[in-house]
Amino acid sequence: TSSLASSRRARTMGDSFIASITGLAPPSFDPGLDKICHSGNTIREDREDLTSKLLGATYPCDLNATEMVSFALGGGLLLMVISVVFMVVVKGWPMGDINTVWGLRVNRLGELIEMGVKSFFFRISLGIAIFMIIFFILILIIFSSLGEHDGTDGIRYASAYFMAIVTSLIFVSLAMSVVVGGIVRTARQATLDLSGLGAALRTAFGAGTAAAYLLFAGLLVLFTLWFLILTNGRGFTRLEWDPTTSCNTVGTLCGHAYGIQSMIAWGVGMSTVALIFRTCAGVFAKAAEIGSEILFDRELEEDTFDKLRNPATMSDKIGAVVMDCGGVFLDIAESMFLAMLSMAVLAQGDVPKIMLAFWLPTGNLFAGLIGWLAVRCDSSTTSVVDRNNTVLWGVRYGLYTTAAFIFLFSAVVTGIIYTDLNSWFGGQDPGWEYFAAHFVGLLTALIIWEGTAFFTSHRWFPTKSVTAAGLTGPATFFVQGFGVAMISPIPTLVALTVCAIVANSIGGNFGVACAAVGICSPLGFAMAASCVSPIVYGADDALDSPDIQRARETTVPLVMAGESLAAEVRGWSIGVSIITAFAVMGAFDQEAALKVGGTLGIDYIGDGLVFGFAVAGALTIVCYAGINTLAVGKTTRALFDESIRQFKENQDKECDPPMVVAAAIYPAVMGVLLPAFYMFLVPTTVGFLAGPRALLGFIIGAILAGGAISIVFCNVGASWAKSKTAIEAESLYGGAGEAAHMASVAGARAGGPLKDVAGPTMITAIKGMAAVALFIAPTIQVGTDREDIQECLAKFFSNDANLSRYVRSWEHCFDWHRPYWFIIPALLLLLVTAFFYFFFWRLDGTGPGKAAEIVEDEDESPNVAAYQAPMMMGPPMISQPQLVQYVQQQPQLMQSQMMAMPAPQLMAQPQMRMMPPEPMLAAPMRPEMASVDNFLAGGYQVTAPM
């Protein structure tokens with residue numbers, strides 16, 4: 001109490017002193033602001049005298065913008081140097097032995113994968129550039145015309161948006177290059193007889209760590225530098241000697257707070273590149289996976305099996321890198337930067353809070369480096385199961401080591417920032433309250449990680465029960481998988497609920513933002529773990545050669561562990577996305593109601609407007625995922641067609657990965673861009689048309705529906721894939737070819753688009769829409785001179801004629817600013833929807849001109865029927881009734897013999913030719929080729945429907 005009274009007397013004396021010099025009246029501080037530093041930065045910079053001391057200009061309240069972010073800038077530069085050195089070290093590790101045949105093949109495989117990754121990156125960058133240019137111009141025009149601060153608003157916001165996209169693409173390309181190099185080097189380490197398992201794991205994790213830190217450290221440095229650039233020229237001169245416009249007075253902000261507002265555009269840019277890149281990478285990867293399994297099944301003869309010749313298999317490896325490395329990296333980085341921006345916006349100019357937003361993630365990154373050093377495993381085990389468990393426990397050791405050092409570093413950072421501040425915070429130090437909220441978030445991250453592992457790992461009974469259900473066929477396998485998956489959100493959502501309640505009780509919306517940063521805190525370790533899957537997957541395929549089969553005793557358990565780690569990182573990223581979007585909406589709540597001192601939160605939770613648009617948000621996010629999933633079918637057909645062309649033309653030559661990527665990237669990008677436009681334009685239309693309360697409800701509905709459904713999709717796909725891998729690696733239930741295995745193969749193929757396209761796109765989209773809502777919040781702030789739209793509607797339908805005439809002037813029925821602006825995004829929505837419908841979705845082929853080309857080549861193309869039937873893929877099809885009738889009319893044939901008959905021979909039967917096709921009952925048949933030549937000659941073999 002005495003400390004609080006002393007601080008108030010000091011501020012009163014300082015205000016009187018300034019007033020005597022300037023003639024301005026002293027400010028009237030809200031009693032609720034006693035916990036905020038009240039000194040202006042410029043007073044400390046320009047005049048270090050008694051005035052600054054009386055105003056409370058003591059550390060850290062006296063720091064300028066550069067000093068506030070000094071640790072983030074210096075630490076980011078140090079981490080960037082470390083990552084570059086580490087990248088050079090990784091590049092220096094031994095590659096395949098050039099004196100052996102397998103060594104040359106491994107090296108060549110790495111070169112082909114890198115060619116494909118570069119081709120994918122170049123072409124997806126063109127699509128992102130088109131999207132970026134459109135919204136860069138819109139942002140520049142809109143914010144320049146508003147001129148809320150000065151004439152530079154437009155270029156400040158637009159430049160932050162531009163820089164976020166460009167720098168993200170640059171660093172993700174470097175990161176993917178490191179990961180591709182890790183494939184070849186991990187394959188080499190796996191050939192070691194005694195320490196192959198441990199050496200291969202450390203190599204794969206080391207390459208992932210170098211890639212992860214290169215990307216995030218580089219983005220952190222540029223994010224900090226751009227913040228300083230946008231802070232320059234904001235508020236220092238104008239606010240220099242005006243104590244009524246202190247940096248921390250509600251409604252008035254200093255230069256650093258204005259810089260934070262401009263940096264929201266950086267978050268929108270991160271959402272743009274993460275959404276388009278990850279979704280397109282997932283679509284391409286799943287199309288490649290399906291195409292490779294169609295072209296080369298496990299029964300294919302060894303003498304025709306050559307991965308260097310198979311373009312679809314090569315595309316599968318390319319897709320794994322761009323999806324599990326590039327896409328996941330950008331998604332996790334987006335979450336962290338949005339959480340940091342939420343903290344900084346909610347700080348309202350409070351210097352220590354802004355410092356926490358920059359300093360905590362930097363300290364967390366250093367903890368992740370120590371966690372990588374702790375990753376280890378025992379190479380002496382022999383069985384596949386024991387080796388898989390050894391790898392997973394070794395990674396767990398590194399994860400919990402990372403968590404322990406995150407706790408330590410965050411405590412040190414908090415102690416440094418909040419040193420000797422008790423007298424300025426009413427006798428209490430809130431820094432440790434925010435540290436507690438951050439720690440709650442860290443614990444929540446570990447709970448989500450372990451909960452996801454419980455439902456997706458074959459070590460535990462949920463996935464084991466799914467595998468066993470395959471003994472009775474695909475139907476029970478699918479039912480069991482979905483049943484388990486629909487229960488799986490319990491640990492994640494319960495942990496997030498408790499986390500949000502506790503964090504909000506500790507520090508309000510700012511506490512929730514601290515918890516979001518806490519859940520994101522193991523990001524360095526998680527990003528490295530996500531790279532293990534594509535690295536060991538590529539290494540395992542590289543070593544799939546008769547003269548080096550022993551090395552697969554090392555790579556097979558690593559592949560199993562990599563799948564488990566990918567599922568765990570995916571589940572953790574969903575939890576991160578949900579809490580991050582919630583924190584962003586807390587900042588939106590503040591920004592949309594800041595000038596009238598109100599909030600939009602719980603007071604309106606029972607509002608019909610909020611509920612109605614919450615339903616609309618839930619519907620939007622589900623449709624969004626559906627459109628992206630449909631793009632997988634079109635991309636598969638394009639990739640399949642190009643693969644067949646290369647088989648026919650190249651004969652025994654190597655495949656051409658850039659050509660496959662070029663053929664498949666067009667439908668992938670076109671299928672993804674329309675939902676990306678929706679991510680921007682739908683919340684913008686809702687915000688201007690129905691106001692900030694409706695937009696708040698819209699985003700909350702999307703968060704709740706998208707979060708729960710994405711967990712179900714990701715976990716069911718992961719459990720099906722793990723069942724297939726476990727049966728093949730451990731020979732469970734009869735091993736490959738038996739009923740359980742066939743059911744798991746069908747589940748893995750169906751679950752791939754769910755876990756890698758539909759689920760991840762939902763969580764990325766909800767963050768993107770929340771970022772857009774926060775971005776437009778200043779333009780739709782609640783006003784005091786208008787009525788609520790529901791009040792106007794109630795008066796309109798009343799019996800009072802005067803009131804009816806009053807509300808006919810709709811100008812009074814919008815309680816937010818600029819409602820008529822909704823016309824701009826609404827028109828853009830109609831235009832882009834019409835464009836993509838007529839020039840992409842309406843066509844039976846994969847793009848303009850493609851369908852005509854196929855029709856002209858109908859007699860020669862081996863997969864014409866796949867293009868004639870919209871959204872169906874694969875070779876010519878036989879309807880189910882035709883198949884049943886043929887079996888009944890030929891009882892002397894066993895069903896297995898019937899299934900082995902080539903499709904042309906089957907269709908040549910008289911009774912089959914007489915029967916008209918029934919497309920509604922048709923199902924695509926999976927070809928089982930005896931040889932590549934037989935397949936290219938049209939000898940499709942009919943099996944059970946996929």
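Q: What is the relative accessible area of K317, and does that make K317 buried or exposed?
A: This is a predicted model in which residues are numbered from 1 along each chain as its sequence is written, local features need pLDDT of at least 70, and side-chain atom pairs count only at pLDDT 80 or more, while totals for chains, interfaces and linings use all residues. Side-chain values use heavy atoms, with hydrogens and water left out. Buried means under 20% relative accessible area, exposed over 50%, and partly exposed in between, with a 1.4 Å probe and protein chains only. K317 has a relative accessible area of 5%, so the residue is buried.

Q: Which residue meets the side chain of K317 in a salt bridge?
A: A salt bridge is a side-chain nitrogen of Lys or Arg within 4 Å of a carboxyl oxygen of Asp or Glu. For K317 the N to O distance is 2.3 Å, and the partner is D541.

Q: How many residues apart are D541 and K317?
A: The salt bridge of D541 and K317 links distant parts of the chain, with D541 in helix α17 (residues 523-542) and K317 in helix α10 (residues 311-346). Helices are DSSP runs (H or I, at least four residues), numbered from the N terminus. The separation of D541 and K317 is 224 residues.

Q: Which helix holds D331, a salt-bridge partner of K767?
A: K767 and D331 meet at 2.5 Å, N to O. This pair, 436 residues apart, has K767 in helix α22 (residues 739-776) and D331 in helix α10.

Q: How far apart are the closest N and O atoms of K767 and E334?
A: Both K767 and E334 are buried. Their salt bridge has its closest N and O atoms apart by 3.2 Å.

Q: Where in α20 does a kink lie?
A: Helix α20 covers residues 657-690 and reaches 48 Å from its first C-alpha to its last, close to the 50 Å expected at 1.5 Å a residue; the expected span is 1.5 Å times one less than the number of residues. A bend is the angle between axes fitted to the seven residues ending at a residue and the seven starting there. The kink, of about 35°, lies shortly before the proline P667, at I665.

Q: Why is α20 largely enclosed by the rest of the structure?
A: The helix has 34 residues. It is largely enclosed because the number of its residues that are buried is 28 of the 34.

Q: At what relative accessibility does V494 count as partly exposed?
A: V494 is in helix α16. V494 counts as partly exposed because its relative accessibility is 47%.

Conventions. Helices (H or I, at least four residues) and strands (E, at least two) are DSSP runs, numbered from the N terminus.
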